[in-house]
Structure formats: structure tokens, C-alpha cells
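Hi,

Here's the structure I promised to pass on.

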Amino acid sequence: MRNYLAEFFGTFWLVFGGCGSALFAAGIPDLGIGFVGVSLAFGLTVLTMAYAVGHISGGHFNPAVSVGLFVSGRFDAKQLIPYIISQCIGAIAAAAVLYVICTGKADFVIDPNAAGSFAANGYGNLSPNGYSATAAFLAEFVLTAFFLIVILGATDKYANGKFAGIAIGLALTLIHLISIPITNTSVNPARSTSQAIFVGGDYIPQLLLFWAAPIAGAIVGGLIYKTLLEKK
């Protein structure tokens with residue numbers, strides 16, 4: 001249960017900190033943090049929680065990461081579903097808190113037809129810069145695959161584990177710097193699900209891509225590291 005609670009709190013912090021920075025701090029004229037600030041916020045959530053609870057649960061905070069670690073032989077199959085459930089509940093709880101805070105502003109409204117509404121992920125007309133489903137899938141697939149390679153390499157028993165959280169957090173920052181204009185950056189099905197639930201509309205059917213692409217990328221990344229890079 002401690003593992004599942006750690007995944008709940010870690011994923012909560014990721015969504016609250018990352019999506020919260022996009023909702024509250026990114027768009028303020030002349031003072032907003034912009035894409036760079038939001039990217040750093042997502043990276044910092046993972047970095048801080050990796051050191052806070054990573055020693056308890058392994059610090060996945062992402063269903064795709066859990067699947068990738070399972071494929072690479074680093075994670076027990078018996079815990080896979082409970083981890084994913086804990087992560088999704090944590091993400092949805094964070095989105096609910098963000099929603100309540102947002103309603104404290106008089107002119108707040110969620111537009112299900114607007115790109116990036118409530119920090120949700122989308123493609124086509126819901127992509128921040130109008131990227132197609134194919135482009136979105138490819139971006140999410142490749143970025144998640146490399147994210148898994150970084151995670152597996154940084155946490156390898158031959159690596160300097162003291163700096164693993166820094167490497168993983170910076171990798172997530174870089175991922176967001178690349179792909180916010182494409183999909184608003186997912187690489188995390190729980191994060192995508194939590195925001196889509198509150199926006200509704202076409203964001204709900206588009207969720208399929210933000211589960212399929214990150215998980216497929218995580219599987220490939222996990223297999224690449226296990227078969228080609230891992231020291232036997």
C-alpha cells in the first residue's frame with residue numbers, strides 16, 4: 001500500500017505542478033512563464049518526487065513508464081495494474097483540485113473546442129499548433145521511447161543512482177520543450193486522462209492516441225535498452 005500511495009502522491013504532484021503552471025502562470029501578460037516555464041515545472045515535479053518517494057515505489061508516476069519497466073524486466077507484473085490505477089486516481093484528484101481553484105476566477109470557462117483547453121492533450125484542431133494525428137502519434141511514441149531509455153540508463157545498477165532523479169527530470173523538461181506545440185505534451189496516459197475528463201468533447205475520443213502512443217513507445221524503449229544497451 002505504501003507503494004501505491006507513493007505513486008498516487010507522485011502523480012498528483014506531477015499533474016498539479018505541471019498542468020497548474022500551464023493554467024495559472026503561463027499566460028499572464030509580461031510576467032508569464034511561457035513554454036519554457038511549463039516545461040521546467042513538469043521536469044521539477046518528477047525530479048522532486050523522485051527524491052521524495054522514489055525510494056518507496058520506484059517513482060514511476062506514469063502508466064507508460066510502469067509498462068516500459070515491466071517489459072525491460074525491472075518491474076513485477078503483479079503490481080502493474082495497481083500502479084496504473086494509483087497513478088490515474090492521483091492524476092484525476094489533482095485535476096479536480098485544479099478545477100476547483102480555476103472556478104475561483106470569475107471569467108473561467110473550459111472550452112472543449114479550444115486547443116490546449118484546461119492543459120489537455122490533443123491533435124488536429126485540438127493541437128496547439130495544428131499537428132495531425134500521425135504527427136502527434138510519432139512525437140509521443142519517439143519521446144516516450146527515449147524517456148524510457150533515459151530512465152533505465154539513469155537507474156541502472158552500473159550508473160550513479162544519486163543523480164538519476166536529475167537526469168529523469170531534465171529529460172521530461174526537454175520532452176516538453178520539444179512537444180508542447182505538437183500535442184501539449186503527454187508521454188503520460190494518466191496526465192492526459194485527468195485533464196480530458198474535465199474538458200470533455202473531442203478530447204475524450206482522442207485519449208486513445210495518448211494511451212497507445214506512449215505505451216507503445218515505452219515498450220520499444222524498454223526493449224531497446226534491455227536488448228541493446230544493458231550491460232549483462
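A term to start with: a nonpolar core is a set of buried Ala, Val, Leu, Ile, Met, Phe, Trp, Tyr and Cys residues joined through side-chain atoms within 4.5 Å, where buried means under 20% relative accessible area (1.4 Å probe, protein chains only). Bear in mind that this is a predicted model, with local features needing pLDDT of at least 70, side-chain atom pairs counting only at pLDDT 80 or more, and totals for chains, interfaces and linings using all residues. Residues are numbered from 1 along each chain as its sequence is written, and side-chain values use heavy atoms, leaving out hydrogens and water.

On to the cores. The largest one has 51 residues, and Val15, Phe118, Phe147 and Leu172 touch the most other members. Helix H4 (80–102) is the biggest contributor, giving 9 residues; helices here are DSSP runs (H or I, at least four residues), numbered from the N terminus. Leaving aside neighbours within four places in sequence, Phe147 is in contact (heavy atoms within 4.5 Å) with Asn62, Val65, Ile168, Ala171, Leu172 and Ile175. There's also a second, separate core of 5 residues, including Tyr123 and Leu209.

Next, a helix pair. The axes (lines fitted to C-alpha atoms over the stretch in contact, with angles from 0 to 180 degrees between N-to-C directions) of H3 (residues 63–71) and H8 (residues 203–229) come within 8 Å and cross at roughly 30 degrees. H3 and H8 are therefore roughly parallel, the label for angles under 35 degrees. Residues making the contact include Pro63 and Val67 of H3 and Trp211 and Ile215 of H8.

Cheers

Methods:
Helix = DSSP H or I, 4+ residues; strand = E, 2+ residues; numbered from the N terminus. Parallel < 35°, antiparallel > 145°, perpendicular 65-115°, else oblique. Buried < 20%, exposed > 50% of the residue type's maximum accessible area, 1.4 Å probe, protein only.
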